[in-house]
Amino acid sequence: MKNLAPAIFPPKGIGDAKPANKAVLDWVQDIATLTQPENIFWCDGSEREHEFLIAESLNQNVLIELNRKKVPRSYLHRSNPNDVARVEQFTFVCTPTKQEAGPTNNWSEPGETYAKLRGLLAGAMRGRTMFVIPYMMGPADSPLSKVGFEITDSKYVVLSLRIMTRLGEIAVKRLGNDPEAEWNRGVHSLLDINPERRFICHFPQDNTIISVGSGYGGNVLLSKKCLALRIGSYLARAQGWMAEHMLILGVESPEGRKHYVAAAFPSACGKTNFAMLIPPARFKGWKVTTIGDDIAWMRIRDGRLYAVNPENGYFGVVPGTSHKSNPNAMRSIAHDTIYTNVALTDDGDVWWEGKDAEPPAHAIDWLGNDWTPQSREKAAHPNSRFTTPMRNNPALDCDVEKGDGVPISAIIFGGRRSDTVPLIYQAFDWNHGVYLGATMASETTAAAAGAVGRVRRDPMAMLPFCGYNIGDYFQHWLDVGKRLTNPPLIFNVNWFRKGADAKFLWPGFGENMRVLKWIIDRCEGSGGALKSPIGWLPSPHDLDLAELDIDHNAVDELLGLDHEEWQKEIAAHKEFFDSLGGVVPEELQKQREQLAARFEP
Ligand code: OXD
Ligand code: MN
């Protein structure tokens, strides 16, 4: 099997960065005794180590080198075809009681689960190298930053984590020698990449993650969904901060006034595109900069929310990325990037559906088969990914390493909805905003295994990522609101509304700046709005639509409320809350009743 590479034996000075913390050493010893690797490779993230691992990965066909002139220092990885997305059905939150995991998580009893996983891991690294990776999430000097160690038998994981996290010495130093210090224990083994032995298990009380049987990023880069969101959200509630599935961007006006905005959209709904938005010509002098494209850790300071991006790179969806949709992403992935499951052209470049220019006359598809434009299959998998350092992003915000974080003026929720939900509206206040987040829904995408295009409720875009009871999570949001004297305003957007002809009504991408501008106007107290039953809605005149080729009727439709659709929507909110079995806080039930009452004549 192509991913299951044999052990590697590095020369002296590589793979020997053993940390001193006794708790780490004891844990590594325990896992090594269990998995019986051929050798242990202690990672430090250095350039020499990187070169060595790249050379070994090329030798063992874990990576294919791309054309050095076209995409310097970049590689293609093909995953096992049975292993191309997050697997929510095999993802577990293992709290002592089922009630703590709540109605939206798969729960399994911690003792039994440890025993099952230890059984699967017994001897699993025989003949392979066990890598020990120290990493840090968050800027070097941030009070929010966390240390994790990931043990893995996959070089792809090591190379990807070097992009996605702050890896090596910085983490070891931050942890120090205190055996009682807080750090996350992550164990990953590919096993034999068999969906029947694929489990992604979280033990929030032990700050521990064990992931087996997969090589797909979202399941195995334990820093990301597992630590920064599932374990992170659990720690955040216990410690009084927030871990959210949100991009963070900066918007600066031509006069130099700057705001930061955080936005929660479900997986593969355009967070990376929005975080890297380039304003259209109409907005000359406006600048949008990126703090993060997927995860925000936020804490309260002086009555405001301040956010950091815990990550150091982007793990983004490739198909659809083009100079038209996201020029900053295209520049980011033009070098030093690992691609997974895209097509390989005959001249060693990468290709995917939705890339600029004509498709190549011939390519090798993500499965390794010949492909031509006449082929029925897609050349790149719909959930093919890039892994690229955030430093590559030309729009990276200058405060991305600021340990205190950036102050958040607005929070935006948004899903992929063909109907019902207007382009943009604003919550009346924080608690109403929490209701908007809690009832968010979106049509499913290829980021998770399963049917695509089905509307599902995805509260705060955290359905697959909240590491504890969703009712307690809603309450945590309400409690945070009580501590904020200067809370962010909360908005809901929907870039995906369709007209009767089933075509998108809104052009999206850079033109989303027009919506962002209204949000900023509202934050500054200058934007106009009409009070509607669902919140503050802009009239067409409140949005700057100059120089935009859009029909008046389309704008009316985008901003319109169809009462019948909203009756169904409110009924769906109730159905969703009911399905959670009594955990929804009273305040949110009240919000729903008030919403329903506002629709009454
Ligand atoms: C992601 C996801 O990969 O949300 O970011 O699935
Ligand atoms: Mn995500």
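Me: Which order do the five strands of the open sheet have, and what is the pairing?

Reply: Strands are DSSP runs of E of at least two residues, helices are runs of H or I of at least four, and both are numbered from the N terminus. Two strands pair if DSSP finds at least two bridges between them. In this predicted model, the five strands form an open sheet in the order β2-β3-β19-β24-β18, and the pairing is mixed. At its edges stand β2 (64–65) and β18 (313–317), each of which pairs on one side only. Inside the order, β19 (residues 338–340) and β24 (residues 385–389) are antiparallel and share three bridges. Threonine 340 has arginine 385 of β24 as its bridge partner.

Me: What conventions apply to the numbering and to the values?

Reply: Residues are numbered from 1 along each chain as its sequence is written, while chains are lettered from A and ligands numbered from 1 in the order in which they are written. The model is predicted, with local features needing pLDDT of at least 70, side-chain atom pairs counting only at pLDDT 80 or more, and totals for chains, interfaces and linings using all residues; side-chain values use heavy atoms, and hydrogens and water are left out.

Me: Which residues are around ligand 1?

Reply: A residue counts as near if one of its heavy atoms lies within 4 Å of the molecule. Around ligand 1 are Arg86, Lys224, Lys225, His245, Ser267, Asp294, Phe315, Arg385, Ala447 and Phe465. For class, Ala, Val, Leu, Ile, Met, Phe, Trp, Tyr, Cys and Pro count as nonpolar, Asp, Glu, Lys and Arg as charged, and the others, Gly among them, as polar. The shell holds three nonpolar, two polar and five charged residues.

Me: How far from an oxygen atom of ligand 1 do polar side-chain atoms of lysine 225, aspartate 294 and arginine 385 lie?

Reply: For lysine 225 the distance is 2.9 Å, for aspartate 294 it is 3.2 Å, and for arginine 385 it is 2.9 Å. Ligand 1 taken alone exposes 210 Å², of which the protein buries 96%; the areas come from the Shrake-Rupley method with a 1.4 Å probe.

Me: How is empty space found?

Reply: A probe the size of a water molecule, rolled over the atoms, shows where empty space is left. On a 1 Å grid over the protein atoms alone, a cavity is a set of points where a 1.4 Å probe fits but cannot get out; a pocket is an open set with protein on both sides within 12 Å along at least five of seven lines, and lining residues have an atom within 4 Å of a point. The second largest pocket has a volume of about 420 Å³. Its lining has 16 residues, with Glu47, His50, Arg162, Ile163 and Asp336 nearest the centre. Helix α2 gives the most to this lining, with four residues.

Me: How many cavities of 30 Å³ or more are there?

Reply: The count is four. The largest cavity has a volume of about 160 Å³, and 20 residues line it, including Val421 and Glu569. These lining residues comprise 10 nonpolar, seven polar and three charged.

How values were computed
A polar contact is a pair of N or O atoms within 3.5 Å; within protein, one must be able to donate a hydrogen and the other to accept it, and residues adjacent in sequence count only if both atoms are side-chain atoms. Grid points are joined across faces, edges and corners, and a volume is the space filled by probe spheres set on the points.
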